[in-house]
Amino acid sequence: MAAAEPRAHWSGVLAMTLCVFTLIASEFMPVSLLTPMAADLRVTEGMAGQGIAISGAFAVAASLCIAQIAGRMDRKTLLLALTAAMGLSGAVIALAPGYAVYMLGRALIGVVVGGFWSLSAATAMRLVPAAQVPRALAVFNGGNALATVIAAPLGAWLGAVIGWRGAFFCLVPVALAAFVWQWISLPRMPAGPGAAGAGHVFRLLRRRVVALGMLGVGVFFMGQFTLFTYVRPFLETVTRVEVSTVTLVLLVIGVAGFAGTALVGAVLQRGFYATLAAIPLLMAAIAGALMAWGGWTAAVVVLLGIWGLVATAAPVGWWAWVPRTFPHDAEAGGGLMVAMIQLSIALGSTVGGLLFDHGGYRSTFAASAGLLLVSAALIVLTSRAEAQAA
């Protein structure tokens, strides 16, 4: 007699989706609040932007270590601990008396980002039957996409109404709600067989298609966040718009990103690598156009809307690349992907901040365009390497 199919825990999936929403909002909240944060903490916009860099750096470390920790813990306990740390991070940042404590709070959210995303696919496999795993992952990504629509404009609006500290503190009760919901809805998920360590993850890079693909995705995210981290100071100092218009522009970026996430699947089916390569090419062109027409508000809104459409859709393609490239080692490949993305976000926001502080927005945007062009070239090489391996 065949074994009964495991019961689907869709309430647990939805609870984790709320956690995804709060996590993405927490990770990128500084983008919409960079100017008031820098003024209050008495640092430059570039230094305030390093809060994204440090969260990325700690996410890298967490993503490489979490598999070994998960191999020894009930996964429900680990997810609850990460959710509690996310709420604590929001409180620490909201109450930070100075720059050092602010960065400590950002480091804490980095640990949560790396740990949660590294566990997400494997957890979905334990919450629902195998045939429903893609649907569960799509629901997780829905929380991601919703956060891109709401978090940045809401953060800018809350920053104007109750201050940037109040905006961060608003994340705490949402994290608490996610914690309680997961506690109630998630089943026990005891530790399984020993997980792959960091050494095994890095051995995957011996394959040419993996090395080129990971380098391509890394340079892509570095190029993206070299520019995107500093959108608000660009809008305020170059385009010269008010806070209400900044909020509107961030909403346009988010809505366009939500649409891109919904549409990109069909485009990827028609040309997988062609789509992945076209996205950074288009984003590089947008970076150049923003340098040329940065003072024209209507043009900037349209350009950043297109940026949001393709930039938010890109991760969908790269996560589809993981099972395509690691059919028998998807968890290790996913951990490597998380580490590469977060390292690149950290490097991009750091480079962008240094350039923004010392060379102005033009040097920042030019560097972003250059990195995105390199990414497109690496993606073409990845496609050729996959064809040769096949």
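**Ground rules**

Angles under 35 degrees count as roughly parallel, over 145 as roughly antiparallel, 65 to 115 as roughly perpendicular, and the rest as oblique. I'm working on a predicted model, where local features need pLDDT of at least 70, side-chain atom pairs count only at pLDDT 80 or more, and totals for chains, interfaces and linings use all residues. Residues are numbered from 1 along each chain as its sequence is written, and side-chain values use heavy atoms, with hydrogens and water left out.

**Entry 1: α3 against α4**

I took the helices as DSSP runs (H or I, at least four residues; strands would be E, at least two), numbered from the N terminus. For axes I used lines fitted to C-alpha atoms, over the stretch in contact for helices, with angles from 0 to 180 degrees between N-to-C directions. The axes of α3 and helix α4 (residues 99-127) come within 9 Å and cross at roughly 155°. α3 and α4 are therefore roughly antiparallel to each other. I also noted the hand: α3 and α4 make a left-handed crossing. Left-handed here means that the near helix is turned anticlockwise from the far one by less than a right angle, and clockwise would be right-handed.

**Entry 2: α9, α10 and the loop between**

Next I looked up α9 (231-239) and α10 (243-270), which have Arg 240 in the loop between them. Their axes are 10 Å apart and the packing angle is about 135°. α9 and α10 are therefore oblique to each other, and α9 passes α10 in a right-handed crossing. I listed who meets whom: Arg 232, Leu 235 and Glu 236 on the α9 side, Val 243, Val 246 and Val 249 on the α10 side. Contact in my notes means heavy atoms within 4.5 Å.

I call a residue buried under 20% relative accessible area, exposed over 50% and partly exposed in between (1.4 Å probe, protein chains only). Arg 240 counts as exposed because its relative accessibility is 65%.

Arg 42 went on the list too: not a glycine, yet its phi is positive at about 60°. I found Arg 42 in the loop between α1 and α2. At 79% relative accessibility, Arg 42 counts as exposed.

**Entry 3: salt bridges**

My criterion was a side-chain nitrogen of Lys or Arg within 4 Å of a carboxyl oxygen of Asp or Glu. Side chains of opposite charge can pair when their charged atoms come close. How many salt bridges does a search of the whole structure find? I got 4, and I wrote up some of them.

- Asp 40 and Arg 165 pair at 3.1 Å, N to O. This one links distant parts of the chain, 125 residues apart: Asp 40 is in helix α1 (residues 10-41), Arg 165 in helix α5 (residues 133-169). Asp 40 is partly exposed at 38%, and Arg 165 is partly exposed at 24%.
- Asp 74 and Arg 188 pair at 3.5 Å, N to O. Both are in loops, Asp 74 between α2 (45-70) and α3 (75-94), Arg 188 between α6 (171-185) and α7 (198-203), 114 residues apart. Asp 74 is buried at 14% relative accessibility, whereas Arg 188 is exposed at 62%.
- Arg 324 and Glu 386 pair at 2.9 Å, N to O. Arg 324 lies in helix α12 (residues 297-325) and Glu 386 in helix α13 (residues 330-389), so the bridge ties together parts 62 residues apart in sequence. Arg 324 is partly exposed at 41%, as is Glu 386 at 22%.

**Entry 4: cores**

I defined a nonpolar core as a set of buried Ala, Val, Leu, Ile, Met, Phe, Trp, Tyr and Cys residues joined through side-chain atoms within 4.5 Å. Which residues touch the most other members of the largest core? Phe 168, Leu 235 and Leu 290 do, out of 85 residues. The largest share of this core comes from α13, with 13 residues.

A second, separate core has 31 residues, including Phe 21, Leu 78, Ala 85 and Leu 186.

**Entry 5: Ser 55**

Beyond its neighbours within four places in sequence, Ser 55 is in contact with Arg 106, Ile 109 and Gly 110.
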